[in-house]
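Colleague: Could you take me through how the elements of this fold are read, and what they look like here?

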Amino acid sequence: MPREVRRMRFTLYSTSACHLCEQAASMLQAWRDNGLGPEIEHIDIADDDELFERYGIRIPVLGRSDGKELGWPFDMKELGNFLAGEA
């Protein structure tokens, strides 16, 4: 993964009791377990009215500090490309 991408921040917008959010978090953890993924901040949208309005029907959504977002559904290849800054 390029050095500048490792400096990017990533945020997973999700909420509790969301099975799709759990799947996305597991995929991200698999990347981390292999030493390929960066730290991911997890934000529960239920704690913020603005985020709930923005992401309520779209979660899980992975945001990147450059403003790009990857919405569900995504697979491991799409996730890897997004983490690498290619999407």
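Modeller: Helix α4 (residues 76-83) lies across β1, β2, β3 and β4, running at about 20° to β3. Helices (H or I, at least four residues) and strands (E, at least two) are DSSP runs, numbered from the N terminus, contact means heavy atoms within 4.5 Å, and axes are lines fitted to C-alpha atoms, for helices over the stretch in contact, with angles from 0 to 180 degrees between N-to-C directions. This is a predicted model, in which local features need pLDDT of at least 70 and side-chain atom pairs count only at pLDDT 80 or more, while totals for chains, interfaces and linings use all residues. Residues are numbered from 1 along each chain as its sequence is written, and side-chain values use heavy atoms, leaving out hydrogens and water.

Colleague: Which strands does helix α2 lie across?

Modeller: Helix α2 (residues 19-33) lies across β1, β2 and β3, at about 160° to β1.

Colleague: In what order do the strands form the sheet?

Modeller: Strands of a sheet pair through backbone hydrogen bonds, either parallel or antiparallel. Here four strands form an open sheet in the order β2-β1-β3-β4, with mixed pairing, where two strands pair if DSSP finds at least two bridges between them. The edge strands, β2 (40-44) and β4 (69-71), each pair on one side only. Strands β1 (residues 10-14) and β3 (residues 61-64) run antiparallel and are joined by four bridges, with Y13 standing opposite V61 in β3.

Colleague: Which residues does I40 touch?

Modeller: Not counting residues up to four places away in sequence, I40 touches F10, T11, L12, L28, L62 and L83.
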